[in-house]
Every structure is written in C-alpha cells, then in structure tokens.
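Hi,

Here is the structure I promised to pass on.

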Amino acid sequence: MSDVDQPGASILDAAEIASLDALGTRRPVAAGEYLYREGDPAYDFYVVLSGLVEIFVTADGEERIIARRGPGHFLGELNLLSGLRVFLSARVAEPGEVLAVPASSLRRVLATQPGLSDKILAAFMARRRDLLTGAATAVRVVGSRYSPRSLQVRDFLARLRVPHEWLEAEADPQVQGMLTEFSVQPSELPVVIVAGSVMRRATPQSVADYLGLTVGRPPGRVFDLVVIGAGPAGLAAAVYAASEGLGTLGVDAVAPGGQAGDSTRIENYFGFPRGISGGELIHRGLIQAEKFGAQLSAPLAATGLREEAGHLVVSLSDGTAVTGRAVLVATGARYRRLAAERLDEFEGRGVYYAATDLEARQYGGSPVIVVGGGNSAGQAALFLADHESDVTVVIRGPDLAAGMSRYLVDRVDSHPRIAVRAQTTVVALGGEATLREVTIAGPDGNSALRCDALFSFIGAEPASGWLSG
C-alpha cells in the first residue's frame, strides 16, 4: 500500500482549501492522535494540510488499514451527510496540521459550490462503495437464515447501504467464538455488533436508533415540511423542499426506497436509457436529499394526523409526534397477499415480496416460483434466472402480454431457465422449517412443485389506512 492511496482518494487545490478555511479551524495534530473512532456519533470534515492520517477498521482485535491520506486529501464519507455513526477510525500517523470543518458548514458548501461539491460527493460515494466490501466488518449481523427477524435486519441495512458482514449461525465457523466472547445466548439472535457494542434480539428499529437513523427529539420537532413515505415520490419532494431551504423531515415505515427500491432493474424510468437498479436510484435520491439538509427517519410509521393551532401534527409509531407547516403524503401501496394455505408460516422463511441481491445469493441454483404477471414479476424472474435459479412464473391469465411490457415478455419467453404456467394459481405451501413445496391449481388440476422460495407480485393496495377518518 502506498503512502497516500485509495479508495476514494481526491486532492483539493489551494483555491478549494482557501474556500473551506473561512468555515473551519486549523489545528496541529500529533502522531497517534485520533480524529474520530469507529462508533462515534458524529465527526467533522477534515482536510489534511500536512502530515499523514491512516484510516482503518478493527475486527477480531486486529486493525486493517483501508487508506492513508496526505496533504490536500480530505477525510470522511457519506455518513457525514446522513448522520450515521462512524464506521472507521482516523488516526494521525505523521504529525502535521488539519483543517476541521463542521458538518453543518460542509452541507452549505455542497449546496453552494458546485465544482467542490461534485469532487467531495464523488469521493464520498466511491468510499461507500468500497466500504460495502472492504470494511464490511464495521457492522456484524449474526443470525439464522430461517429467522424472519434476521432477514428484516439484513434487508434494512442493505437498503441503506450500510457496510455490514452477515454471519450465519448455522454455518459460519466464527459464530460460536463470537457468541461466547460477547456472552450471547442462541435465544438472543439476531445480534448486531458495532464498535464493540452488542444489540441483542436486534430489530430494524433498535439498529436505526443506535446508528442515528431516527429523528430523535429535536427541540420543538417542528418542520416546514414533513414527508410521509420515502419512495421515489417522497424522496423527490424532500430534495425539492430542502433545496429551497425548507426544514424537511422524511419518515418511512420500513426504509428508503418503497417498492421501487426492491426492483433489480428499471428500464422505463425517464433519464436512464441503459436502466438502473431500484437500489441505486434510491441511493442517489437519498444523497441528494441529505446534501441539501433534509432529515430522514426510518423505520418510523405515521399512525395519525390532526390539526393544532394552524399546524399539522403527525403521530408516529414510536409514540411521539412531529409538527409540520405542511405534510406531503407519499405512502404508496402495500403488497397484496396470496390466498394460499400456510402462507403465514413461510413469510420471511421462503415467501418474499421482493427479489433482491440477498435472496438471489441465498437461492441461486434452487428452484423458485414467481407469482404475478406485471413488470415487477418479469424483472424478478429474469434476475433470479440470471442467478441460475430455475424459475416458474405462475399467472392467472392466459398469457403475460396482458400486464407486462412487451420487452419483458420477450425476454421472459426466450430465457431457458424460465417456464410460464398460465391460468394457474397457488393454493398451498408446504415444508417444515422453510418452504420446500408449492401446490398449484391449473387447467389440468392440482400438482405439487419443488420450490425453495416463492416471490409474490400480485399487486398492491393504497397504504393510506392511517388517514382513515
């Protein structure tokens, strides 16, 4: 490794440093001094003026250097904007001087200086991409592949692109030693380990609270705009509002993305002729919103709405409330559920409502069923088939053309790993700990298919029940 290197290395010129000088403080640093550590709740944006700083992650008691930053380089990554806890440590290797700029001042720079903003954001995004693999041990999730709660935690972290390592309790040889080290009982899984802190019986809510993804209790809790729902529409509204200087809060019951966030490839979205994954689309929108100062809180559901003294008050699922001068509702839809025997038993243990990288890795090479004849079903079938699963698409209608875009119909029909069962419904599920069999009813009667996972895309209904009355 060279003295000053990747990932996400970028050098500021003298004019760019001068523009930051008025917003920050110069100070000397000594060898061995920490600028920030893993698990810290916040940190400043640092520019190295002289000397050398090492960026490293600690795992199993050992330090692993990720990068070294020298004169002209800046530190930090996307959690400077999102407010997430720090994933890495920064320690001075050679004495020198740094410029420390508060995160709030950095956000003003990103909003008002396009050239400098582009350079910093490009480096931050590159660093996050590298952290997703190179520093995955910053957050460790230990759980069972058969546990719906473990799946919820993994999916939550994946949606937010939080660097994390998944350790499967049934198979990974490291697990037993880790459980012993932290005195964790099997009944306490899943656990999430961050910077030596252990969250037992972890849930998306507890992980979000620890990482700093919930709004907390800011003074007054009054915003110019409260956006309910963080799918493409909600995030777009947050971007527009925050860019106009409005105090903006977005809340989502699950995580940013909505149904679009689960799409493996979107090819009919304006401006992306080569297509884009739903996760990447949402990731870019989230960065835009945070760049302009919008806050996001998830998982946090809206449960009610009332008016008080000319303001709108939104009741939240954690028992608190936030006040907005305006409220925008972008809560989208909830997935419909199959009318099949034993469905409840296998949700999260073989039955899913999205086909993401997590499921593709878990069920690659296994037989799977996709139920539904719309574009989401077609995209999921192609994605799973490309991961070497034999895919059976089950539809009630006579053919795919009624509900699926022509380009997807052609791809599904021509894929050697995909078979279509028309005029067919799913009537029952079977298995013990996990799904192993699906009974379908078609023109020739009932038959059983070997199936390790079923992906349901049978439409949705408006998620507006919380506004009832």
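Before the notes, one term: contact means heavy atoms within 4.5 Å. This is a predicted model, with local features needing pLDDT of at least 70 and side-chain atom pairs counting only at pLDDT 80 or more, while totals for chains, interfaces and linings use all residues. Residues are numbered from 1 along each chain as its sequence is written, and side-chain values use heavy atoms, with hydrogens and water left out.

Let me start with V29, which sits in strand β1 (residues 25-29); helices (H or I, at least four residues) and strands (E, at least two) are DSSP runs, numbered from the N terminus. Neighbours within four places in sequence aside, V29 touches L35, V92, P95, G96, E97 and V98. V29 counts as buried because its relative accessibility is 7% (buried is under 20% relative accessible area, exposed over 50%, partly exposed in between, with a 1.4 Å probe and protein chains only). From the C-alpha of V29 to that of E345, 316 residues apart along the chain, the separation is 58 Å.

T392 is another strand residue, in β19 (residues 391-394). T392 has 18% relative accessibility, so it is buried too. With neighbours within four places set aside, its contacts are V368, I369, V370, A419, R421 and L449.

Now the helices. α3 (residues 103-112) packs against α4 (residues 114-134) at about 115°, the axes being 6 Å apart. Those axes are lines fitted to C-alpha atoms, for helices over the stretch in contact, and angles run from 0 to 180 degrees between N-to-C directions. On the α3 side the contact uses L106, V109, L110 and T112, and on the α4 side P114, L116, S117, I120, L121 and F124.

F124 turns up again among the rings. I have 10 aromatic pairs in the structure, where rings of Phe, Tyr and Trp (its six-membered ring) pair if their centres lie within 6.5 Å, and planes under 30 degrees apart are stacked, over 60 edge-to-face and the rest tilted. One of them is F74 with F124, edge-to-face at 6.2 Å centre to centre and 70° between the planes. That pair links distant parts of the chain, 50 residues apart: F74 is in the loop between β4 (62-69) and α2 (79-82), and F124 in helix α4. At 0% relative accessibility, F74 is buried, and F124 is buried with 0% as well. Y36, Y43 and Y46 make up one aromatic cluster.

Cheers
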